[in-house]
Amino acid sequence: MAYVILLNPFFLFISLSIILLHLPVHQAVNGGFSVKLIRRNSTNALSQRLMDAAQTNSYAYLGQHLLELNIGTPPVKILGILDTGSDLIWAQCVPCSDCYKQINPLFDPTKSSTYTNIPCQSDKCHLLNAPTCSGENVCEYSYGYADSSVSRGALASETVTFKSSTGQPIRLNNIIFGCGHNNRGTFNDHEMGIIGISKGPTSLISQISSSFGGKKFSQCLVPFHTDVSISSKMSFGTGSEVVGDGVVSTPLVSGPIGTSYAYLYFVTLQGISVEDTRFQISNDPETLSKGNMLIDSGTPPTVLQQQLYDQVFNEVRKRVPMNPITDDPDLGTQLCYRTSTNLNAPIITMHFEGADIKLSPIQTFIPPKDGVFCLAFSNTSNRERGTLGNFAQANFLIGYDLEKDVVSFKPTDCTR
């Protein structure tokens, strides 16, 4: 399930939805978050709930969202791709024999007093699919993504530290993560790893939910062009629920058990409207009806089945009162326009089961280079699942309730 979109000659947008090579199933996170915490040793959890909030930040950079996570003792800040389409937490580590370039120092496990390699016989080692064992009895992982990116290294446990709203540190011990010593792929130099937040057993949400009052989290992603100094927040557990005026919700649909899809977040798309013109999902009996769209914060564009994509593409082209770009080979077949101001584009409504999501031009057109705006949609086979990418998720407070199997959307200015 990899989607590679060339929007200009300088950078690629990739999907980070996982493919299992001989790897585990885990989760990815990329956002910031505020959470009300419950003490683990409380005999009465409700009475012991901490009134301050644990917080971390996320930032937009080149089509991805980077989640700030503090790992080790003393804590070291890691900026990892927030990925709801995978479930392993990993960072580039010393020594790194074959790693991509990053501008920040690599995580050095020898400088952390709480770093522990997971032994081969541990049950934690076998949370991964087909792990290998080193001569030093260290559980080794190999985790691959659909765009052919791979991380290999030692599976370890570490302390993760969050800052509370009162400034006090909040530490969670024995968090499983991958110390990557051999990593390759289409990463940029700001990305220090990936933080998976799918439903897999080694994802961030699965590992911390018992401390935060349940398997719930919410995110608010800033738009594509937002300055990297502007952060947004991510919330976990009790208090992260998305409520209030303007909230719409749609059921989460389970992926096929025993496959790499089992831990991902699927919803059902029934159709799309461009202003007042509606297009339904194909009636082809081989086309998926339930769970036909993945919500993936690690994929920038929204990916539609070919028939629906063509209908939306043509209708948007009709309604934009400008001539599209046809003489720039860097843009390929994308629908793009030259303009120095915000594009006057139509509202696109995605009709999910029980929830209509209205997308403005800031969520449907992105500027790959100065003076150019392109439709941030791509296409796949009519028989494949689509993807709600992170461009379309921007400026929504999105809440995942994994206990009720529902996801909720609330229009929000995520830069504030």
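**Disulfides, a hairpin and a loop threonine**

Tutor: In this predicted model, Cys125 and Cys139 form a disulfide, with their sulfur atoms 2.2 Å apart.

Student: Are Cys125 and Cys139 buried or exposed?

Tutor: Both are buried.

Student: How many disulfides does the whole structure have?

Tutor: Six. Another one joins Cys220 to Cys414, with an S to S distance of 2.0 Å. Cys220 is in strand β16 and Cys414 in the segment after β32, so this pair links parts 194 residues apart in sequence.

Student: New topic. Why is strand β7 described as largely enclosed by the rest of the structure?

Tutor: Eight of the eight residues of β7, residues 64-71, are buried, so the strand is largely enclosed. Both faces are covered: Leu66 is among the buried residues on one side, and Leu67 on the other.

Student: What does β7 pair with?

Tutor: β7 pairs with strand β8, residues 76-83, in the antiparallel sense over six bridges. The bridge partner of Leu66 in β8 is Ile81. The two strands form a hairpin with four residues between them, and Gly72 in the turn has a positive phi of about 95°.

Student: And where is Thr339?

Tutor: Thr339 is in the loop between β24 and β25. Its relative accessibility is 13%, so Thr339 counts as buried. A polar atom of its side chain lies 3.2 Å from the backbone oxygen of Thr341.

Methods. Residues are numbered from 1 along each chain as its sequence is written. This is a predicted model: local features need pLDDT of at least 70, side-chain atom pairs count only at pLDDT 80 or more; totals for chains, interfaces and linings use all residues. Side-chain values use heavy atoms; hydrogens and water are left out. Buried means under 20% relative accessible area, exposed over 50%, partly exposed in between (1.4 Å probe, protein chains only). Two strands pair if DSSP finds at least two bridges between them. A polar contact is a pair of N or O atoms within 3.5 Å; within protein, one must be able to donate a hydrogen and the other to accept it, and residues adjacent in sequence count only if both atoms are side-chain atoms. A disulfide is a pair of cysteine sulfur atoms within 2.5 Å.
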